[in-house]
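Hi,

Here is the structure I promised to pass on. Have a look, and my notes follow below.

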Amino acid sequence: TKALKNKTGMRETIKIYLTLPLCTLTRLESCLDQPMGSSSVHEDVKYLPSPLPAEHYDADTTEPISCGLQTLEELLSWKRSEANPFNVAAVPLAPREPPLARCLHRTLVSHDMMGGYLDDRFAQGTNTEAPYAFYHWQYIDIFNYFTHKMVTIPPAVWTNAAHKHGVVVLGTFITEWTDGAAVCEAFLKEEESYRAVADKLVQISYCYGFDGWLINIENPLSKVAVENTPLFLRYLTDQMHERVSGSLVLWYDSVIENGQLTWQNELNESNRMFFDACDGFFTNYNWTEQNLEWMQDYSGVQGRQADVYIGVDVFARGKVVGGMLETNKALEVIRKHKFSAAIFAPGWVYETHSDKTQFRKNQDNFWALLSDYLYIHRPASPLPFISSFCQGFGKAIYWRGQREATRSWFNLTAQEIQPLYYHTELEGQGSLEGQGWLSSRGCPEDAWNGGCSLLLDGLIPATHTSPVCARIFSLHVPLPSKTLVTLIYKPSTGIKVSLELKTTDASLCTHNVQDVKREFHTIHPVFIPPLSLFTQLCGSLSPDGWTVGCSQLELRGCDLREVCLNIQRNGQPQDTAFSCRVGEIMLLDVASLQVPPELVQGLCIYDVVWLRAAGTSPESTSLRLHLNATLRWDYPTHLVRHFRVYWRRLRGPDPRIPPGELVLVGRAYSNIFRVTELAVPEAPSLLELVVEPVIRKGFPVPESHWGRRSLSDPIHGSHILRL
């Protein structure tokens, strides 16, 4: 849809879809039918309505979007064959230490914001000036996406970000008010009906790649319905455990054993029947310390205290303990009595502050307030370990220190493993500003990759003579015998910087550190070219002031526990203000460098929609042809950071014009990408779509390994628009 001036000077909207029956592929199965021996797909342009389901694609742009289900009929008729392929999580649940089963005091975050499915509904991200994002994953165990739709399916961008950090993701099944009571009477009337609902919830979770459900029945139940509710919960929980490893089903404190809607604000004999049938209990928010004291001695809790999540409403609605900037008071009481916590609507820090430019500062302050009562969880995936600290949004998109796109953007799938954020005082007195300090925060003003870098800044007092140790990551990562370590940073003047890796007890492992030289003679991989490209970076200074330093570690039996940056002043002792921007930290198994990169295979094009519309500039009145299409390919996603998708014109419509250069369309974070509103040449022409894998090892993949597919529209003039 584009605005277009008519003859009277008024602006009107024209939307015309042109779909392609010759090779227009509206089903994934059709994609698989494309001949892989041919590099070209021919398209015939004709006028037909868009074939894409409105619930999965934006009506104007065909961008893929996430959504929930509103009715029982929608749920029972849900089919995996009709699921949204763009809302399938691309990231499996990563291991962490300690694992959830061993966490005695867990933290759940329930994200409820303005009805849900906001900027986060766009599966490939969107351009927005001031989005809400969450990045303090190291503090929490479970993330619940909450809306008031009957079935809330978490947007894949949230599942991807959470899973990278080992955080379990739950959708929400909720019934409310009179309509909700009617739904419950319909599906809880008998075993067949409640099993049918449970089966669909299991299928949806399994299909979209998230880890379970919060069940919230906030309406009265009849005698039959309430008696069947524990049976429904037990069947759902058992089926989830069977199909989804590490899954959870939690019950929200609402109805009680007689079917009345009476929030108890505690676990007791009136609601224990629901707790006993599932994995956990999420209390209402109006509890007092007396409720927690009573529950500590309640027999129904014994042995499962970690499974009781005490609800904390950050908006502090009603008579509650803490909330808002006193949420720490609620957590203090909860931890005192050794229960888990469920923090509801922490987006309060975003919703209630009008100056969205201060969001990062407000968010960091809020979670720092709670940090004394939260527990740091450590990523435990084997190497490679890579992070450029991207928080999934920013003012520009960077790649290797250069701006790839200059626009504000948001895509939580792009978020990388997050560091520790904090503000701490340094020992030593006598500075002009009192005691020294050290701060760690995300900064979007410059980056190596993604949307922001890690900014370490502070003040070293004159009396502080030892290096300042800035903790960046807390990990539990097994290290191979040889590890390549890369640090990319940009320090201020007057300081020197070094990377410090802390391992398990030194007596249990041995290590040796060597600077990586450009010759890198100590490694002799089979696949030589990428190694030479990689080592060319080491020890170099990029045009924008980034320093790239590399080292090789030789270890035996070590686990990496902490990554720190040591910062020390140069020169005489004096109060020294400093800053150091960290662009990326990467640890690679040297043995992995011997493995050649994979080829992108099976690239195909389907769900093509042609849109003829005015140009994007306000002055443009001429109509242009725009391509909208889905690309899918095969590539091991665990090997890549992302894919870069390009297009170019190979020939036409004027045969005298030589082929065009590759133009970046966007980044993909899985093996599927939707091209939207791409202005292309008029027919007859031949276009090429190209997919480049950006692998986690850090060096470029040869173009011979990229995926390519050409698209031609052979019809002359048949798509001329007549008004």
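One thing before the details: this is a predicted model. Asp446 has a relative accessible area of 15%, and the cut-off for buried is under 20%, so Asp446 counts as buried. What does Asp446 touch, leaving aside its neighbours within four places in sequence? The contacts are Tyr398, Cys452, Ser453, Lys490, Trp546 and Arg581.

Next, helix H6, residues 223–243. With 21 residues at 1.5 Å a residue, H6 should span 30 Å, and its end C-alpha atoms lie 31 Å apart, which agrees. There is a bend of about 30° at Thr229, though, and a proline, Pro230, follows within four residues. Both Thr229 and Pro230 are among the buried residues of H6, a list that also includes Phe232, Leu233, Tyr235, Leu236 and Met240. As for partners, the buried residues of H6 pack against helices H4 (177–187), H5 (191–208) and H7 (272–275), plus strands S11 (212–218) and S12 (248–252).

Now the chain as a whole. It has 12 helices and 39 strands, and 57% of its 723 residues are buried. Taking contacts between residues at least 6 apart in sequence, 79% join residues at least 24 apart.

Cheers

Technical notes. Residues are numbered from 1 along each chain as its sequence is written. This is a predicted model: local features need pLDDT of at least 70, side-chain atom pairs count only at pLDDT 80 or more; totals for chains, interfaces and linings use all residues. Side-chain values use heavy atoms; hydrogens and water are left out. Helices (H or I, at least four residues) and strands (E, at least two) are DSSP runs, numbered from the N terminus. The expected span of a helix is 1.5 Å times one less than its number of residues. The bend at a residue is the angle between axes fitted to the seven residues ending there and the seven starting there. Buried means under 20% relative accessible area, exposed over 50%, partly exposed in between (1.4 Å probe, protein chains only). Contact means heavy atoms within 4.5 Å.
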